[in-house]
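Hello,

Here is the structure I promised to pass on to you. Have a look at it first, and then read on for what turned up.

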Amino acid sequence: MNTIPTPGEFGATIVTTVTAQTGTWFAITCLSATVFSTLTELPAYTLSGTLASALFPAGATISGAFTNFTLTSGSVRAYKVRNLVANP
């Protein structure tokens with residue numbers, strides 16, 4: 001049975017730099033106005049083009065199955081998940 005993790009169940013990462021982040025997250029909440037340069041979701045869907053430069057307002061939460069991201073600006077709290085498995 002698949003269950004949806006609760007925020008913080010496996011911890012979270014606060015990111016305030018433009019350094020690439022690698023891990024497994026199920027949600028990302030913007031702590032301040034944020035722009036992503038990359039946001040990769042399973043099964044290897046990558047946010048690029050005009051959406052990659054979109055401004056996400058403080059308080060916005062993006063949910064998905066994320067494996068890496070890089071900020072252009074802003075700060076986020078990324079909620080960890082134990083395992084991410086791509087659906088066939």
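Along the sequence, the protein reads β-β-β-β-β-β, which comes to 6 strands and 0 helices. Strands here are DSSP runs of E, at least two residues long, and helices are runs of H or I, at least four residues long, both numbered from the N terminus.

Please keep in mind that this is a predicted model, in which local features need pLDDT of at least 70 and side-chain atom pairs count only at pLDDT 80 or more, while totals for chains, interfaces and linings use all residues. Residues are numbered from 1 along each chain as its sequence is written, and side-chain values use heavy atoms, with hydrogens and water left out.

The mean pLDDT (the predictor's confidence in each residue, from 0 to 100) is 82, and 72% of the residues reach 70 or more. Confidence is lowest in β4 (residues 45–47), with a mean of 61, and highest in β6, with 94.

Now to the inside. Of the 88 residues, 35% count as buried, meaning under 20% relative accessible area with a 1.4 Å probe, protein chains only.

Beyond its neighbours within four places in sequence, Val 76 is in contact (heavy atoms within 4.5 Å) with residues including Thr 13, Ile 28, Phe 36 and Phe 69. Val 76 in β6 is also the bridge partner of Val 15. β1 and β6 run antiparallel and are joined by 4 bridges; two strands pair if DSSP finds at least two bridges between them.

Is Ile 62, for its part, buried or exposed? Ile 62 lies in β5 and is buried, because its relative accessible area is 15%. Leaving out neighbours within four places in sequence, its contacts are Phe 26, Ala 27, Ile 28, Phe 36, Leu 39 and Phe 56.

Enjoy exploring!

Terms used: Buried means under 20% relative accessible area, exposed over 50%, partly exposed in between (1.4 Å probe, protein chains only).
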